Amino acid sequence: RKVDAEILQAGKARHIEERAPHADNTIHDYWTSKIPIKLANTSEDAILGISVDITDRKTAEKELLAQEQSFRGVFENSQDALLIIKENEYIDCNQKALALFGAQSKAEIVGKSLEALAPRMQNKTTSTEQFVAQAMQVANDIRQHLFEFVHKDLYGHEFPTEIMLSPVHWYGEEAMLAAVRDISERKILEKQTKRAKQEAER
């Protein structure tokens, strides 16, 4: 075969993926190492081939890719702002997230730390850095964590949000999915309701 001839001419081993018929008459995928050798008795050039059947792995990779593509469609078309977090940085987001933070493109969000899109303090006693670390730990421990958080858009405007934080596998890597909702209107309504109740009790 052409590949074998090239290996013999170059005198160097080559590692390739190839497809070949299996004993069950189906086509299998193989990871093959082809090594040029000389036969002991005749000193003739030959090829030593060592193959590993990787059909199951290739099938699993295809299934994972299909799942990831399906998830990507849901991710991009979600009505919630969705962001993917890895090592305390945003590595991906959808269009709703761009709108939430006043961004025109993902480049304005991706690569930023969580603290970059939030005020320094979440409350009088807890810094955003401490708050984020605690939230990540809880999400890892219980697999899903719902909490309120103060965000800051690209123009410096602070606003309250509700976040559902969940561990996910993102293209084969462990990450966090943050589903973020602006709850400004809810907070205004809560204040109005509280004020009305206080006035009624006077």
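One cavity of 30 Å³ or more was counted in the predicted model. A cavity here is a set of points, on a 1 Å grid over the protein atoms alone, where a 1.4 Å probe fits but cannot get out. The largest cavity holds about 130 Å³ of space, a volume being the space filled by probe spheres set on the points, with grid points joined across faces, edges and corners. Its lining comprises 15 residues, each with an atom within 4 Å of a point. Closest to the centre are Ile 85, Leu 114, Phe 147, Ile 163 and Leu 165.

Two or more lining residues come from each of β4 (81–86), α4 (128–142), β6 (145–152), β7 (158–170) and β8 (173–182). Helices (H or I, at least four residues) and strands (E, at least two) are DSSP runs, numbered from the N terminus. The largest share, four residues, belongs to α4. The lining has 14 nonpolar residues, one polar and no charged.

Elsewhere, three strands form an open antiparallel sheet in the order β1-β2-β3. Strands pair if DSSP finds at least two bridges between them. β1 (14–21) and β3 (45–53) are the edge strands; each has a single partner, so one side of each lacks a neighbour in the sheet. From one strand to the next, the twist averages 40°. β1 and β2 (residues 27–38) pair in the antiparallel sense over eight bridges. Glu 17 lies opposite Trp 31 in β2.

Residues are numbered from 1 along each chain as its sequence is written. Local features need pLDDT of at least 70, side-chain atom pairs count only at pLDDT 80 or more, and totals for chains, interfaces and linings use all residues, while side-chain values use heavy atoms, with hydrogens and water left out.

Conventions. On a 1 Å grid over the protein atoms alone, a cavity is a set of points where a 1.4 Å probe fits but cannot get out, and a pocket is an open set with protein on both sides within 12 Å along at least five of seven lines; lining residues have an atom within 4 Å of a point. Ala, Val, Leu, Ile, Met, Phe, Trp, Tyr, Cys and Pro count as nonpolar, Asp, Glu, Lys and Arg as charged, and the others, Gly among them, as polar. Axes are lines fitted to C-alpha atoms, for helices over the stretch in contact, and angles run from 0 to 180 degrees between N-to-C directions.
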